[in-house]
Amino acid sequence: MKKVIVNTYTQALKGMKWLKSDANSAFYYLAGINRPISPGQVSKLAASLGKMGIIRPIVVAEISFVNGKKCKFIVDGQHLFNALIRNGMDIPYVTIDINDKKQLVETIALLNASSKSWTLFDYITAWSSLNDSYVKLNHYYQVYDIELSILAGVLSNNGSSGSNMTKKIKDGLFELIDEKENVKILDYITDVLKVVPRMNRYENKYTCNEFYKFVRGNNSYNHETFMALLKKNKSKFILATQGEGKLSDLFKKLK
């Protein structure tokens with residue numbers, strides 16, 4: 001995918017065009033998909049343009065799947081666009097082909113990587129405008145003090161919090177499943193971490209994943225009873241290692 005985008009951009013440069021500073025038509029922002037505009041960054045670019053001139057174009061795509069009508073949207077260079085307007089300068093631009101929402105987000109992320117790579121939360125913000133599961137993921141991230149990859153793993157009904165889950169989020173493939181039940185498990189996890197807090201993020205992931213698998217694999221699970229037993233045996237869990245199956249064994253042996 002990266003190679004395709006780079007080749008498309010290279011070809012587009014050959015057909016670079018200019019938008020006059022006093023033109024009536026303009027470009028649209030991908031609000032809620034691209035990162036918010038920082039006035040401070042616009043000021044820095046405006047000052048740079050005054051000293052060095054224009055050294056690169058903005059990148060636009062003419063698409064209709066964002067607002068229902070075909071418009072030119074800024075894919076990369078929204079800060080540069082505003083800096084050029086502020087300085088009263090004509091705007092160089094290239095147009096690239098974007099076929100669908102997934103390609104749009106991937107392209108924005110790749111082109112932004114030259115300045116500051118997207119965080120996982122940037123991807124969630126972008127996909128939230130196109131996928132309701134991401135809106136809810138964002139919501140629950142604000143509610144629960146649980147690491148994002150763990151949260152996503154629980155809400156997608158597989159408990160995974162590794163690189164596979166991160167890739168799913170970036171690729172727009174995250175799907176909220178069995179919301180009511182998994183939100184209940186997030187409450188359970190919150191309770192467990194209050195009793196046996198972990199010392200670092202790796203132990204935290206391990207504990208959450210083991211507990212998730214334990215609850216999902218136990219049809220007769222009773223949280224009130226479990227928490228009473230956990231508090232009674234707190235010392236065993238605080239000292240527990242990340243040995244394979246160690247925590248899950250302790251969960252099963254609670255008496």
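This is a predicted model: local features need pLDDT of at least 70, side-chain atom pairs count only at pLDDT 80 or more; totals for chains, interfaces and linings use all residues.
Before you start: residues are numbered from 1 along each chain as its sequence is written. Local features need pLDDT of at least 70 and side-chain atom pairs count only at pLDDT 80 or more, while totals for chains, interfaces and linings use all residues, and side-chain values use heavy atoms, with hydrogens and water left out.

**Exercise 1.** Work out how helices H7 and H10 are oriented towards each other, and which residues make the contact.

Solution. Start with the axes: H7 (residues 148–155) and H10 (residues 201–216) come within 10 Å and cross at roughly 10 degrees. Angles under 35 degrees count as roughly parallel, so H7 and H10 are roughly parallel to each other. Next, pick out the residues in contact (heavy atoms within 4.5 Å). H7 brings Ser149, Ile150 and Val154, and H10 brings Asn204, Lys205, Cys208 and Tyr212.

**Exercise 2.** Decide whether Gln78 is buried or exposed, and list what it touches.

Solution. First place it: Gln78 sits in helix H3 (residues 78–86). Now the cut-offs: buried means under 20% relative accessible area, exposed over 50%, with a 1.4 Å probe and protein chains only. At a relative accessible area of 6%, Gln78 is therefore buried. Leaving aside neighbours within four places in sequence, Gln78 is in contact with Tyr29, Asn34, Arg35, Pro36 and Ile37.

**Exercise 3.** Classify the ring pairs Phe27–Tyr93 and Tyr188–Tyr221.

Solution. Rings of Phe, Tyr and Trp (its six-membered ring) pair if their centres lie within 6.5 Å; planes under 30 degrees apart are stacked, over 60 edge-to-face, and the rest tilted. The whole structure has 17 aromatic pairs. For Phe27 and Tyr93, the centres are 4.9 Å apart and the planes at 65 degrees, so call that pair edge-to-face. These two are 66 residues apart in the chain, and both are buried. Tyr188 and Tyr221 come out tilted, at 5.4 Å centre to centre and 50 degrees between the planes. Tyr188 is in helix H9, and Tyr221 in the loop between H10 and helix H11 (223–232).

**Exercise 4.** Find the residues that touch the most other members of the largest nonpolar core.

Solution. A nonpolar core is a set of buried Ala, Val, Leu, Ile, Met, Phe, Trp, Tyr and Cys residues joined through side-chain atoms within 4.5 Å. Of its 61 residues, Leu151, Leu155, Phe174, Phe211, Phe226 and Leu230 touch the most other members. Helix H9 (residues 179–195) gives the largest share, eight residues. Then zoom in on Phe211: ring pairs link it with Tyr188, Phe214, Tyr221, Phe226 and Phe251 into a cluster.

Terms used. Axes are lines fitted to C-alpha atoms, for helices over the stretch in contact, and angles run from 0 to 180 degrees between N-to-C directions. Helices (H or I, at least four residues) and strands (E, at least two) are DSSP runs, numbered from the N terminus. Angles under 35 degrees count as roughly parallel, over 145 as roughly antiparallel, 65 to 115 as roughly perpendicular and the rest as oblique.
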